[in-house]
Amino acid sequence: PMRIEFVDPSGYGLGLAIGLLELGHAVHYRAAERRRPPTEQQRTIDELRTRCFGPPRSGERAHDLLVLVDVFADYLDCLRRRLPSREPVAITHPLQDDAEHLVYPERLRYLLERAQSTERVAVVDMSDRHGERELAFELLPHATLFARETAGSGEGRWQALPFLYNQFVLWLEHCRPPADWWLAAERRAPQWDWLFCGTVDHARYGDRRRRVLSTLGERWPGARGAVLSGQPFAVVVGALQSTRCGVDLPGEGELCFRLHECLALGTPVWRPLATRGALPAGLAPVVHSDPAQLPTASPDEVRAVYLEHYAPQAAAAALLRGVRSQAEPLTTSARTSTAPARS
């Protein structure tokens, strides 16, 4: 087992950190430095973090691997476009949670200092776009670079790590008994052929989603479909277990929470748009672009695919494979450079 220091001010890496813990590694999880009273949603996430990692602990720990997670490309894009923050906030800590993209220069400086003093580093860009990557990390030869949104197998040194987790679903899975949220197959009575549960009025990508949703009824007029937007997630959990399939639509990027939500709840996924983004291998039996190809698999069979190919342990295993593959060439190179010359 490894000792892993996991720095995740965005919170998007929580599922990945849980997966590393479930694989038997000792994980010190470092979240954002909170500057405001927690919301109800944040208290739920705090319960999950405490259940998995114990109470928050500041400071660094001795470790074998440093994992840095944030939305680096998104921050870069915001700064280059000179977007304002919602309100002026003083930068007093590189991991503070209330300064939006304006904290990025100070945060990047802090993360680079940590990375430069660590032998083995993994950087995970959880940005929701294919934007330009942070070049400063590419200058670290010992760092393994991952991105949630990549085309195909990756982009240069950035490997694909296409996993995204709804923290509320993680909370259900780890903090609540299955009887509170899982409906057995015999209790499921599909009300719809397809269902989309997500935001359709988002300023950046709502129009894209609305256009796609309007075409679903035109192309498949015989299918009973519905859209739930702005509903409490407790309602969504039941609804996604009352449909033949859940619709997964891209937002700003190609990978959305819908994939995690549907598969974790035993519901096949319909992705009607052809996307260039990578998806984890092994999901083909339960994720299709044509609803006619969707399986008649039971909820238990769908969840079995999820547990093997998409649950947090799958993401953690993918990250560790990438780190090991990066370390092997470096080790070989070091041995070659230190080998005595032959006369």
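Helices (H or I, at least four residues) and strands (E, at least two) are DSSP runs, numbered from the N terminus. The structure described here is a predicted model, in which local features need pLDDT of at least 70 and side-chain atom pairs count only at pLDDT 80 or more, while totals for chains, interfaces and linings use all residues. Residues are numbered from 1 along each chain as its sequence is written, and side-chain values use heavy atoms, with hydrogens and water left out.

The protein contains 11 helices and 12 strands. Its radius of gyration is 21 Å, close to the 20 Å that the globule rule gives for 343 residues, so the protein is as compact as a globular protein of that length. Here the radius of gyration is taken over C-alpha atoms, and the globule rule is 2.2 Å times the number of residues to the power 0.38. Taken along the principal axes, the C-alpha atoms fill a box of roughly 75 × 55 × 40 Å.

Of the 343 residues, 52% are buried; buried means under 20% relative accessible area, exposed over 50%, and partly exposed in between (1.4 Å probe, protein chains only). The protein exposes about 16,400 Å², and carbon and sulfur atoms supply 52% of that area. Accessible areas come from the Shrake-Rupley method with a 1.4 Å probe, and for residues only the protein chains shown count as cover. Contact means heavy atoms within 4.5 Å. Among contacts between residues at least 6 apart in sequence, 69% join residues at least 24 apart.

The charges can be summarised by their mean positions: those of the 41 positive and 42 negative charges are 1 Å apart. In this count Lys and Arg are positive and Asp and Glu negative, with His and the chain ends not counted. The place of a charge is taken as NZ of Lys, CZ of Arg, CG of Asp or CD of Glu.

Helix α3 covers residues 72-80, and its buried residues are Phe72, Ala73, Asp74, Tyr75, Leu76 and Cys78. These residues pack against β3 (65-70), α4 (104-116), β4 (121-125) and α5 (135-138). Helix α4 has 13 residues, which at 1.5 Å a residue should span 18 Å; its end C-alpha atoms are 18 Å apart, in agreement with that value. The expected span of a helix is 1.5 Å times one less than its number of residues. Buried in α4 are Tyr104, Arg107, Leu108, Tyr110, Leu111, Leu112, Arg114 and Ala115. An α-helix has 3.6 residues a turn, so residues three or four places apart point the same way. The cover of the buried residues of α4 includes β1 (3-7), β2 (26-30), β3, α3, β4 and α5.

The loop between α3 and α4 holds both Arg82 and Glu100. Most residues other than glycine have a negative phi. Arg82 is exposed, with a relative accessible area of 75%, whereas Glu100 is partly exposed at 23%.

Another loop, between α2 (40-53) and β3, contains Pro55. Pro55 counts as exposed at 58% relative accessibility. Although Pro55 and Tyr29 are 26 residues apart along the chain, their C-alpha atoms are separated by 9.8 Å.

Leaving aside neighbours within four places in sequence, Leu172 is in contact with Trp181 and Val237. The C-alpha atoms of Leu172 and Ser214, which lie 42 residues apart along the chain, are separated by 32 Å.

Asp193 lies in strand β8 (residues 192-197) and is buried, with a relative accessible area of 18%. Beyond residues up to four places away in sequence, Asp193 touches Gly222, Ala223, Arg224, Thr243, Arg244 and Cys245.

Finally, Pro280 is placed in the loop between β11 (269-270) and β12 (287-288). Pro280 is buried, with a relative accessible area of 10%. Not counting residues up to four places away in sequence, Pro280 touches Pro162, Phe163, His309 and Tyr310. Pro280 and Val305 are 25 residues apart in sequence and 11 Å apart in space, C-alpha to C-alpha.
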